[in-house]
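This report describes the architecture of a single protein chain, with attention to aromatic ring pairs and strand pairing. The sequence and the structure are shown first.

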Amino acid sequence: IVFSPDDSQIAIASNYNFSVGQARIWDRISHYTVADFRIESNGMFYEKINAIDYSKDGYFLALAQGNQFAIYDTTNWDLVTSFTNDNTSEDCENNHRCSNYAKDLEFSNNGLYLAVSHFNSSIEVFSTNIVCLDCSSWELLPEKSIYVGEKFELEGITFSPDSTSIISLWEGEDYYCYCGKIKIFDIHNNTLISFDINGEGILWD
């Protein structure tokens, strides 16, 4: 669930049935559903919309279901573009954790980037409609993406206020503690720093 930047709408991600993901847009003023999207599973054994976010200007809504992505124009709710991540792994059918399945997504504050985290510990960065130098709209930017070999589970991502870095939280059990890690990736210099956090439980908001 996510609020629109102006607080007028709430976007709710869910599943419609065993093979169709659903997202509903609820208007807080009229108390009516203003848009309803359904994404049919492409046979990759994941049936619900797993990540959802508004662009910071409120003009776009991004959805992820499994390895499928869709971008909608919030002024008319038309589909702007859709694409799939075909880098699958052999464990899809067994535990619904295909390596390329999206776990979280986030628009940068400057509107230039859409970051997507996956179950395989990768964080991919896409351009948006604000076209950057030497790239097209909604295009994967490999030089700004990263794969982190980490035994802990990637819980979520967010951009720094200046949109230069992606902060990620990793959680898991080590030999002596229930631990977490914070990793900060500078998408312009391709540098990564990491530090540990320990505690009984770690929450990501």
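## Overall architecture

Of the 205 residues in the protein chain, 50% count as buried, where buried means under 20% relative accessible area, exposed over 50%, and partly exposed in between (1.4 Å probe, protein chains only). The model is predicted: local features need a pLDDT of at least 70 and side-chain atom pairs count only at pLDDT 80 or more, while totals for chains, interfaces and linings use all residues. Residues are numbered from 1 along each chain as its sequence is written, and side-chain values use heavy atoms, with hydrogens and water left out.

The secondary structure of the chain comprises 1 helix and 16 strands; helices (H or I, at least four residues) and strands (E, at least two) are DSSP runs numbered from the N terminus. Its accessible surface is about 10700 Å², and 49% of this belongs to carbon and sulfur atoms; such areas come from the Shrake-Rupley method with a 1.4 Å probe, and for residues only the protein chains shown count as cover. Among contacts (heavy atoms within 4.5 Å) with a separation of 6 or more, 39% join residues 24 or more positions apart.

## Aromatic pairs

Rings of Phe, Tyr and Trp (its six-membered ring) pair if their centres lie within 6.5 Å; planes under 30 degrees apart count as stacked, over 60 as edge-to-face and the rest as tilted. By this rule the model contains 5 aromatic pairs. One of them joins Phe37 and Tyr72, which are stacked because their ring centres are 3.9 Å apart and their planes stand at 25 degrees. Phe37 belongs to strand 4 (residues 33–40) and Tyr72 to strand 7 (residues 68–73), so this pair ties together parts 35 residues apart in sequence. Ring pairs also link Phe37, Tyr72 and Trp77 into a cluster. Trp77 is located in the loop between strand 7 and strand 8 (79–84), and its phi is positive, about 60 degrees, although it is not a glycine.

| Residue | Relative accessibility | Class |
|---|---|---|
| Phe37 | 7% | buried |
| Tyr72 | 10% | buried |
| Trp77 | 17% | buried |
| Trp138 | 12% | buried |

Phe107 and Trp138 form an edge-to-face pair, since their ring centres are 6.4 Å apart and their planes stand at 85 degrees. This pair links distant parts of the chain, 31 residues apart: Phe107 is in strand 9 (residues 102–107), and Trp138 is in the loop between strand 11 (122–127) and strand 12 (146–147). Phe107 is buried, as is Trp138. Trp138 has a positive phi near 55 degrees, in a residue other than glycine.

## Strand pairing

Two strands pair if DSSP finds at least two bridges between them. An open sheet of 4 strands has the order 9-10-11-12, with antiparallel pairing. Its edge strands are strand 9 and strand 12, each of which pairs on one side only. Strand 11 and strand 12 are joined in the antiparallel sense over 2 bridges, and Ser122 stands opposite Tyr147 in strand 12.

Val2 stands opposite Ala11 in strand 2. The hairpin of strand 1 and strand 2 has 5 residues between the strands, and Asp7 there takes a positive phi near 70 degrees. Strand 2 also runs antiparallel to strand 3 (residues 20–27), with 7 bridges joining them; Ala13 has Ala23 in strand 3 as its bridge partner.
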